[in-house]
Amino acid sequence: MAPKVLVSDKLSETAVQIFRDRGIDVDFMPEVGKDKEKLQEIIGQYDGLAIRSATKVTAKLLEAADNLKVVGRAGIGVDNVDRDAASKKGVIVMNTPFGNSITTAEHAIAMMFAVARQIPEASASTQAGKWEKSRFMGVELTGKTLGVIGAGNIGSIVCDRARGLRMKVVAYDPFLSQERADKMGVEKVELDELLGRADFITLHVPLTDQTENILSRENLEKTKKGVRIINCARGGLVDEQALADLIEAGHVGSAGIDVFAEEPATENPLFGLPNVVCTPHLGAATSEAQENVALQVAEQMSDYLLTGA
Ligand code: MLT
């Protein structure tokens, strides 16, 4: 009998086509991920579950998942999967670490421009019929120092694009070798040095016990006055209240924030502050990236379900 896969989030239909082409019996139910009870009721029928971020794969859901062999996350972070519970049950958890890297790196660069030139505020003001030319004095990126925290798949693309913009790039990443840093044309530094030198700081690390609150109040206070903070990685990396306080106090110049400690974010200490640009976790939201991750997750899951590889 053909393995059965449930797609429970809004994945590109490319994934569905690939599952079908590979002979897998697939149900595309992109709304069911948000309906915990329904998902709990039907999960027992499936060998594979393909998700984005709305579906929460909890220990309780896994208890009912009697036939489940693999969960595939079309994206990088697997924060919405209880990996301990999955591994106890022998369920493999896969992600697609490369498919949306360029898109996320581009969002971080877009955020840098948005905060440097106050583009969202200038657009709102212009469309409101004001012509506030003197209100919106920006800064150039050229010649500024960018501090990149995390120089992996996404961070290294940000470094490359920033160097193209003629920024000086300093990177903090315990896994970055000196040789690789030299090849990338970036200066490898410790975190405190990065905090003290950067005009812009951008985060590109997963949320782990080691990185949680890496931009704590104490660390934010070590930054240069006027620093601009960009976070397109994970919400829990930054102390949001401390960031809001330091923006209000005039120490942090501005922030471009795509990810929040609580998502969906409907309230947040950063909302409504001047010089803060927020987007609703759009880091991976391009048609190209969504095609890539859907294709990759479907190929990987099919390989595993059909051949065990
Ligand atoms: C990811 O983990 O791939 C990104 O944060 C994008 C997303 O969650 O959609």
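Modeller: Happy to; we will look at one helix, then at a residue in a neighbouring helix, and end with the ligand. Please keep in mind that this is a predicted model.

Let us start with helix α7, which covers residues 153–164. Its twelve residues reach 17 Å from the first C-alpha to the last, close to the 16 Å expected at 1.5 Å a residue. Now look for the buried positions: in α7 they are Ile154, Gly155, Ser156, Ile157, Val158, Cys159 and Ala162. What covers these buried residues includes the helices α5 and α8 (178–184), along with the strands β6 (145–149), β7 (168–172) and β9 (200–203). Following α7 you will find arginine 166, which has a positive phi, near 65°.

Next, move to α5, one of the elements that cover the buried residues of α7. Helix α5 spans residues 101–117, and valine 115 sits in it. Valine 115 counts as buried because 25 other C-beta atoms lie within 10 Å, and 20 or more are enough for that label. Setting aside neighbours within four places in sequence, valine 115 is in contact with Arg228, Ser254, Ala255, Gly256, Asn275 and Val277. Alanine 86, by comparison, is 29 residues from valine 115 in sequence, and their C-alpha atoms are 41 Å apart in space.

Finally, find the ligand. Around it are Arg52, Ser53, Gly75, Ile76, Gly77, Asn100, Gly283 and Ala284. This shell divides into two nonpolar, five polar and one charged residue.

Definitions and conventions: Residues are numbered from 1 along each chain as its sequence is written. This is a predicted model: local features need pLDDT of at least 70, side-chain atom pairs count only at pLDDT 80 or more; totals for chains, interfaces and linings use all residues. Helices (H or I, at least four residues) and strands (E, at least two) are DSSP runs, numbered from the N terminus. A residue is buried if 20 or more other C-beta atoms lie within 10 Å of its own, exposed if 12 or fewer, and partly exposed in between; C-beta atoms are placed from the backbone. Two residues are in contact if their C-beta atoms, placed from the backbone, lie within 7 Å. A residue is near a molecule or strand if its C-beta atom, placed from the backbone, lies within 6 Å of it. Ala, Val, Leu, Ile, Met, Phe, Trp, Tyr, Cys and Pro count as nonpolar, Asp, Glu, Lys and Arg as charged, and the others, Gly among them, as polar. The expected span of a helix is 1.5 Å times one less than its number of residues.
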